Amino acid sequence: MMRVPAPEQPTGLPLRTSLLASLPIAMCMGVMALPELGHAYAGVYRAFYAACYLFWIAPLSLLQRAMWQRGVPARISIPLLLLVTYIPSVINKAVGQAAAVHWGLVPGYELRRIFAGLDGCWLALIAFCAVHALLHHHNALQCSRRREAEATALAREAELRALQYQLHPHFLFNTLNSISALVADGRGNDATRMIALLGDLLRATLERSDTREVTLAEELSLTEHYLDIERARLGRRLQVDIRVGPGVLQALVPPLLLQPLVENAIRHGIALRATDGAVNLRVDRDRDMLTIELRNDGVPSLEDDRPRCSTPIGLSNVRQRLTALYPGNHTLDFTVAAYGACAVRITLPLRLAVTTASPMGRTA
């Protein structure tokens, strides 16, 4: 089943990250205080303002996050933050002057000094709000990109699933027609055998309906199930030659990749012949690519207008799925010879499934 990602929180930025963003500004305040360390109590004042700054950033962070969650526009939040950061600065200066008067460092209160200047950590709090906003914007941008990537992946998954499900009724309709034809011809035993084979094939197909990729060995096994059905219908008229190169049975391929191509080769080629016909399947590796070639014998008589290699669903479905799974990293070539024979050649990235056994080639 497809996994739906959990919704993002309004900010998504951890509070500890917000608080850690204050440390570089506190370090800058310490560096700025270095030249004043030898001037009476200037160092003590700087240390006091740095401590006040670190005290105020926690409630200030919570206030900013609350405004983001409520969607407060910038034309309101910026003036409000300027005012909110100014108030702690005034409080810091008032407390600082009270302590200085108490310890006899200054003769008395000077109100103008409380409300003037930026050295009461107002500038540091403004800088923190700006850094905090930049971190929030960066985090929101990353979350948006992640959601976009997840949505694209889910859309591609849904597209692949729909294309794969498209093959089921198409194949079932054709097979039921074949069973009906066998019954009409009085071949009841063949029809019964085909029904049993159809049940096995549908069971194997539905088990893989939620899988994006299967091994080539699994895909060949499924294709053999389908070929058994066609052999029950066509008998010795159908000759099949499958050759698989060494080391590729564990290669990953899309499920139901070969079956619609083989079905098309038989129904629009071999089944229309008056004589025996062959379907040839070759699978091998070409450096870092997997190559699949499928050919069928043509129909010698071209007197009627019936399509020899019509692919209304099979080939177009495979083409769309390959494009969705391996965008820009695959090829699919379809050719028709002068005598009606068809050939399909597919290349896709060679990726091997993890296995404990060494894959062996096979010839059928």
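**Note on the cores and surface of a predicted model**

1. Among contacts (heavy atoms within 4.5 Å) in the protein chain between residues at least 6 apart in sequence, 77% join residues at least 24 apart. The model is predicted: local features need pLDDT of at least 70, side-chain atom pairs count only at pLDDT 80 or more, and totals for chains, interfaces and linings use all residues. Residues are numbered from 1 along each chain as its sequence is written, and side-chain values use heavy atoms, without hydrogens and water.

2. The chain holds 10 helices and 8 strands. These are DSSP runs numbered from the N terminus: helices are H or I, at least four residues; strands are E, at least two. Of its 364 residues, 40% count as buried (under 20% relative accessible area; exposed is over 50%, partly exposed in between; 1.4 Å probe, protein chains only).

3. The largest nonpolar core has 48 residues. Such a core is a set of buried Ala, Val, Leu, Ile, Met, Phe, Trp, Tyr and Cys residues joined through side-chain atoms within 4.5 Å. Helix H8 (residues 216-234) gives the most to this core, 8 residues. Leu-290, Ile-292, Ile-346 and Leu-348 have the most contacts inside the core.

4. Look at Leu-290. Beyond neighbours within four places in sequence, its contacts include Val-248, Val-283, Asp-284, Ile-346 and Leu-348.

5. A second, separate core has 11 residues, among them Tyr-53, Leu-81, Cys-121 and Ala-124.

6. Now Ile-87, in helix H4 (residues 74-102). Ile-87 counts as partly exposed because its relative accessibility is 44%.
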